[in-house]
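Please read this briefing alongside the sequence and the model, which are shown just below.

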Amino acid sequence: MSGAQRELIMGDLTTRADAVRNTTTIALDGEFDVGAADELRRTLVETIMRHRPRRVVVDLGAVTFMDSTCIGTLVAGYHTACDVGVDLTVTDAKPFLAQVLATSGLHQLLAGRS
């Protein structure tokens with residue numbers, strides 16, 4: 001791994017920081033229910049508030065389940081990011097999760113600003 005990237009493994013969360021692009025990617029893997037919400041919230045807040053990248057990307061490509069608590073945690077992370085001028089987006093949601101986000105109206109909010 002180059003000096004521009006570092007990787008931290010935290011259970012089902014992997015964080016990759018790209019200093020050149022000033023972007024941090026948080027990749028989620030597996031099931032995210034109420035039991036995972038605190039770790040997800042800590043990771044989002046620490047990434048946003050301590051590291052202050054220009055952009056945070058939450059990659060949902062390997063998520064097999066996400067309950068409403070963790071979806072709410074993503075929304076809270078989005079609002080925290082907006083408050084400090086960080087762009088937070090979610091990517092690669094599988095069809096079941098993309099449908100939940102679209103039905104709830106959250107897909108447009110979390111898909112990024114144009």
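In what order do the elements of the protein run from the N terminus on? They follow the pattern β-β-β-α-β-α-β-α-α, which belongs to a protein with four helices and five strands, where helices (H or I, at least four residues) and strands (E, at least two) are DSSP runs numbered from the N terminus. This is a predicted model, in which local features need pLDDT of at least 70 and side-chain atom pairs count only at pLDDT 80 or more, while totals for chains, interfaces and linings use all residues. Residues are numbered from 1 along each chain as its sequence is written, and side-chain values use heavy atoms, with hydrogens and water left out. Of the 114 residues of the protein, 39% count as buried; buried means under 20% relative accessible area, exposed means over 50%, and partly exposed lies in between, with a 1.4 Å probe and protein chains only. The accessible areas come from the Shrake-Rupley method with a 1.4 Å probe, and for residues only the protein chains shown count as cover.

**Strand pairing**

- Strands β2 and β3 run antiparallel and are joined by six bridges, where two strands are taken to pair if DSSP finds at least two bridges between them.
- Within this pairing, Thr-15 stands opposite Ile-26 in β3.
- Strand β2 (residues 13–18) is largely enclosed by the rest of the structure, because five of its six residues are buried.
- Strands β4 and β5 pair in the parallel sense over five bridges, and Val-57 has Thr-89 in β5 as its bridge partner.
- Strand β5 is mostly covered, with four of its five residues buried.
- As a general point, the side chains of a regular strand alternate between the two faces of the sheet.

**Salt bridges**

- The structure holds three salt bridges, each defined as a side-chain nitrogen of Lys or Arg within 4 Å of a carboxyl oxygen of Asp or Glu.
- Asp-18 and Arg-21 meet through their side chains in a salt bridge (3.4 Å, N to O); Asp-18 is buried at a relative accessible area of 15%, whereas Arg-21 is exposed at 58%.
- Arg-50 and Glu-46 form a salt bridge between their side chains (3.7 Å, N to O), and because they are four residues apart in helix α1, about one helical turn separates them.
- Of that pair, Arg-50 is exposed with a relative accessible area of 62%, and Glu-46 is partly exposed with 37%.
- Asp-87 and Arg-55 also meet in a side-chain salt bridge (3.8 Å, N to O); Asp-87 lies in strand β5 (residues 87–91) and Arg-55 in strand β4 (residues 55–66), so the pair ties together parts that are 32 residues apart in sequence.
- Asp-87 counts as buried at 18% relative accessibility, while Arg-55 is partly exposed with a relative accessible area of 28%.

**Surface charge**

- Asp-12, Asp-29, Glu-31 and Asp-33 gather in a patch of negative charge on the surface.
- Patches are made of residues with over 30% relative accessible area and no salt bridge, with like charges joined within 9 Å and nonpolar side chains (Val, Leu, Ile, Met, Phe, Trp, Tyr) within 5 Å.
- For charge, Lys and Arg count as positive and Asp and Glu as negative, while His and the chain ends are not counted; the place of a charge is taken as NZ of Lys, CZ of Arg, CG of Asp or CD of Glu.

**Backbone with positive phi**

- In the hairpin of β2 and β3, which has four residues between the strands, Asn-22 takes a positive phi near 55°.
- Arg-52, in the loop between α1 and β4, has phi near 45°, a positive value in a residue other than glycine, and is partly exposed with a relative accessible area of 43%.
- Asp-92, in the loop between β5 and α3, has a positive phi near 60° although the residue is not glycine, and counts as exposed at 51% relative accessibility.

**Helix positions and C-alpha separations**

- Gly-35 lies in helix α1 (residues 34–51) and counts as exposed at 67% relative accessibility; its C-alpha atom is separated by 9.1 Å from that of Cys-70, 35 residues apart along the chain.
- Leu-97 has its place in helix α3 (residues 95–103) and counts as buried at 1% relative accessibility; Leu-97 and His-107 are 10 residues apart in sequence and 9.7 Å apart in space, C-alpha to C-alpha.
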